[in-house]
There are 2 protein chains.
Amino acid sequence: MTPPPPSERIRLVTSVLEANDRIAARTREACTAAGVLLVDVLGGPGAGKTALLEATLPRLGARAAVIAGDLETSRDAERLAACGVPVVQITTNSFGGACHLDAGMVAQALDQVPLTAIDVLFVENVGNLVCPAEFDIGQHARVVVLSVAEGEDKPLKYPLAFRRADAAVVAKIDLLPHLEFDLARLRESLHAVHPSLPCFELSVRSGAGLEAWLLWIAAQRRHRPTP
Amino acid sequence: MTPPPPSERIRLVTSVLEANDRIAARTREACTAAGVLLVDVLGGPGAGKTALLEATLPRLGARAAVIAGDLETSRDAERLAACGVPVVQITTNSFGGACHLDAGMVAQALDQVPLTAIDVLFVENVGNLVCPAEFDIGQHARVVVLSVAEGEDKPLKYPLAFRRADAAVVAKIDLLPHLEFDLARLRESLHAVHPSLPCFELSVRSGAGLEAWLLWIAAQRRHRPTP
């Protein structure tokens, strides 16, 4: 069997994305109606997404839950459940090893989230700086997490993730003294790709910078979801 | 337009992968016939793929070239060209923002590689620990690069990349004193996913561990490609 011609493939991709966006819109409406802020957390493998949530949940001053996406294993979900919040796991290998969460997977997980009992729902996406950026999952805000161990040029090399983000977290800044990492160059890269992007440089380990990040979440809660 | 039914999607994916594998087989044959070892280098964003190649190329004791894949920018290609080897850039955004290299892209780039003048061809894949693992690009050997800043559980969470690798490089070990990173736990994770996988723990910055890695490449050259 030969592959379908390019026009067929483009139609297929378009229709899949349209279906995704319809489901995402419903998820966003459901969260808005319940007064819940839905935050999608994106980043490459080991950027520090789970650690950021572990540091955020106890300091949030609001009731939270997490939907955690992983190819395999429930390690992130277990770490987050230890914070005492409801956690729903999506293992994308049961969806054919998907490299991202899509709106359908999140909508399915949403059925198990006690929406009326929470204020903020975090979705920890699959560790991947490329594919998740293309899929609206119904979030009100998207945060892209980058570790300083990854290098200063990542926003230029993975522009979509940064362009479609509402905030960037530059994690693991406690490692800066041990790296040849130029924070000024990273800020330039971020500015080049998304000039107005709020950026939080922080260390979960030392606690530096967490306060500003928590204030940003609080501001999102105040300003975003009104039905 | 509604999305095609699941059976149609599965047929489409299957046929795309079959077409990929046919092209990959031709690439592998062409390299084998020219006595060139083709090594695919995989890893998440900032794992240290480019730095590994920068350290490897001058110490290789063989003529090399690189095909460098990136979503956008030619930064990696420029860094590698500074090593004095032929570099061909694939910018996947010209292929619709692809999150991986496929066999067709590599075959197209191969036309610009002076195969008769080299011994080893490295392909630096797009920074992504998920999608590139699924695509044979015609390599003789695949190396997955992981930085110690990423955490010990990555092989369990991204198993396909490690299962389909012929070697793992654990990079940036100079950072170990500054991290809560348990090398024994990483070794257990690697062993659980791929028991016989050769693993090179190294630091490009200090030079520690490079020798063993270079010997492995030399052994691949001796044993792999005979037409």
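View 1. Asp174(B) counts as partly exposed because its relative accessibility is 24% (buried is under 20% relative accessible area, exposed over 50%, partly exposed in between, with a 1.4 Å probe and protein chains only). The model is predicted: local features need pLDDT of at least 70, side-chain atom pairs count only at pLDDT 80 or more, and totals for chains, interfaces and linings use all residues. Residues are numbered from 1 along each chain as its sequence is written, chains are lettered from A in the order in which they are written, and side-chain values use heavy atoms, without hydrogens and water. Arg205(B) forms a salt bridge with Asp174(B), the closest N and O atoms being 3.6 Å apart (a side-chain nitrogen of Lys or Arg within 4 Å of a carboxyl oxygen of Asp or Glu). At 44% relative accessibility, Arg205(B) is partly exposed.

**View 2. Glu152(A) with Arg185(A).** These two form a salt bridge, with closest N and O atoms 3.9 Å apart. The pair links distant parts of the chain, 33 residues apart. Glu152(A) is buried at 10% relative accessibility. Arg185(A) is partly exposed at 38%.

View 3. Asp76(B) forms a salt bridge with Lys157(A), the closest N and O atoms being 2.8 Å apart. Asp70(B) also bridges to Lys157(A), at 3.9 Å. Both Asp70(B) and Lys157(A) are buried.

**View 4. Lys157(B) and chain A.** Asp70(A), Asp76(A) and Lys157(B) are linked in a network of salt bridges. Between chain B and chain A the count is six salt bridges. Over all chains, the whole structure has 22.

Note on methods. Helices (H or I, at least four residues) and strands (E, at least two) are DSSP runs, numbered from the N terminus.
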